[in-house]
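Student: I have a structure open and would like to go through a few residues and the ligand site with you. Could you take my questions as they come?

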Amino acid sequence: MEATTLTKPATLTLSGAAGQIGYSLLFRVAAGEIFGPNTPVRLRMLEAPQAVRAAAGVAMELQDAASPLVAGIEVTADPRVAFEGANHAILVGARPRTAGMERSDLLESNGAIFGPQGRAINDVAADDVRILVIGNPANTNAMIAAAHAPDIPRDRFTALTRLDHNRAVAQLAARTSVNVREIRRVTIWGNHSRTQYPDVRHATVAGRPALEMVGAEWAEGVFIDTVAQRGAAIIEARGGSSVASTATAIIDHVRDRRFGLPDPADWTSTALVSDGSYGVPEGLVSSFPVRPVDGNWEIVQGLEIDEFSRARIDASVAELQEERAAVADLGLI
Ligand code: NAD
Ligand code: LMR
């Protein structure tokens, strides 16, 4: 048998490491699902002080999993220790909403977490650090983190909308009775909230235009509502917000950015700091169609935006602008 050549270890810092998503994600990272079978990973587990003991328990379990890819595990409540030399900062640590809450209800309590973490990443992370925010309201929290990290290029900051993207792909596949691998070029625009715009106008199903197959009534009605309100539906049904599907989406996001999409002609969705593309005001963290290029996400340019899409994108962007104004009033940016 040939000996495996291992690459240099990656350092991944996960905030909220003792929480639900952390518990689901960490063991999959340890099994090589993000970085592949040849890249060891140093795990830095950041928690709130009151949850450090629980995180230490998760660290014990990770040790007990005896993964050959784990090159170190550290638990801390100090962001400056946690982000030291981090190549990947995955920011999950924040309170989830419960039944009846909107994500915007979390602005004040969770927003305050992301300024200090952004500053610490700015000061101590590795030069190639990439930041992915999951804690809600994810887009605006990513904007807050970026605002406190002036030395880090804007295109390194993202907020997760891959879960919404995956939900949209799955709904379209179910509606057209195909395997998800036949779906291409779905887009999530805007905020990771109920105002998001899941868009199939450029999508194909087994090579055929999706809109022709599903019809405008479904694409503009049931489809958008189902995807945009899936988070709430899961909270109602499960009694808690999405966990395992979120961990899957985090893995998909980081893996595809590093290794490329299975079909390079396809695209996926992520929220990133707008450069003004598609009329989204600069600086807002909004979801776009994206492709990985040299380890970064690039917005797919030149898509035609019809009147329906324009109105839906603008409505979600208006919500992002309100969130930006609210966190500015709170002194968070
Ligand atoms: P959870 O309550 O199980 O875990 C959150 C963890 O964060 C807790 O262990 C808590 O102690 C920790 N935490 C709180 N403040 C912290 C801080 N300052 N530093 C480090 N850790 C801190 O929640 P969960 O189910 O894991 O969800 C976490 C977040 O992810 C929520 O805000 C949820 O709404 C969000 N979420 C986002 C998406 C998305 O697609 N963007 C999907 C699902 C959940
Ligand atoms: C989700 O989309 O499932 C999460 O963001 C949780 C939520 O509050 O909806």
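Student: Is A146 buried or exposed, and why?
Tutor: This is a predicted model, and in it A146 counts as buried because 27 C-beta neighbours lie inside 10 Å, where 20 or more are enough for that class.

Student: Where does A146 lie, and which residues does A146 touch?
Tutor: A146 lies in helix α5, which covers residues 138-147, and, if residues up to four places away in sequence are not counted, A146 touches G118, R154, F157 and V273. R156 is ten residues from A146 in sequence, with a C-alpha to C-alpha separation of 8.8 Å.

Student: Moving on to A77, where does A77 lie?
Tutor: A77 lies in the loop that runs between β3 (70-76) and α3 (79-82), and A77 counts as partly exposed because 15 C-beta neighbours are found inside 10 Å.

Student: Which residues is A77 in contact with, neighbours within four places aside?
Tutor: With those sequence neighbours left aside, A77 is in contact with E47, A48, P49 and V52. M45, 32 residues away from A77 in sequence, is 8.3 Å away in space, taken from C-alpha to C-alpha.

Student: Now the ligand: how many residues surround ligand 1?
Tutor: Ligand 1 is surrounded by 29 residues, the closest being G16, G19, Q20, I21 and G93, and by class this shell has 14 nonpolar, twelve polar and three charged residues.

Student: Where does the shell around ligand 1 come from?
Tutor: Helix α1 (residues 20-30) gives the largest share, three residues, while domain 1 (10-159) and domain 2 (162-323) each supply at least three residues to the shell.

Note on methods. Residues numbered from 1 in each chain as written. Chains lettered and ligands numbered in written order. Predicted model: local features only at pLDDT ≥ 70, side-chain atom pairs only at ≥ 80, totals over all residues. Helix = DSSP H or I, 4+ residues; strand = E, 2+ residues; numbered from the N terminus. Buried ≥ 20, exposed ≤ 12 C-beta atoms within 10 Å, placed from the backbone. Contact = placed C-beta atoms within 7 Å. Near = placed C-beta within 6 Å. Nonpolar A, V, L, I, M, F, W, Y, C, P; charged D, E, K, R; others polar. Domains from an automatic or database assignment.
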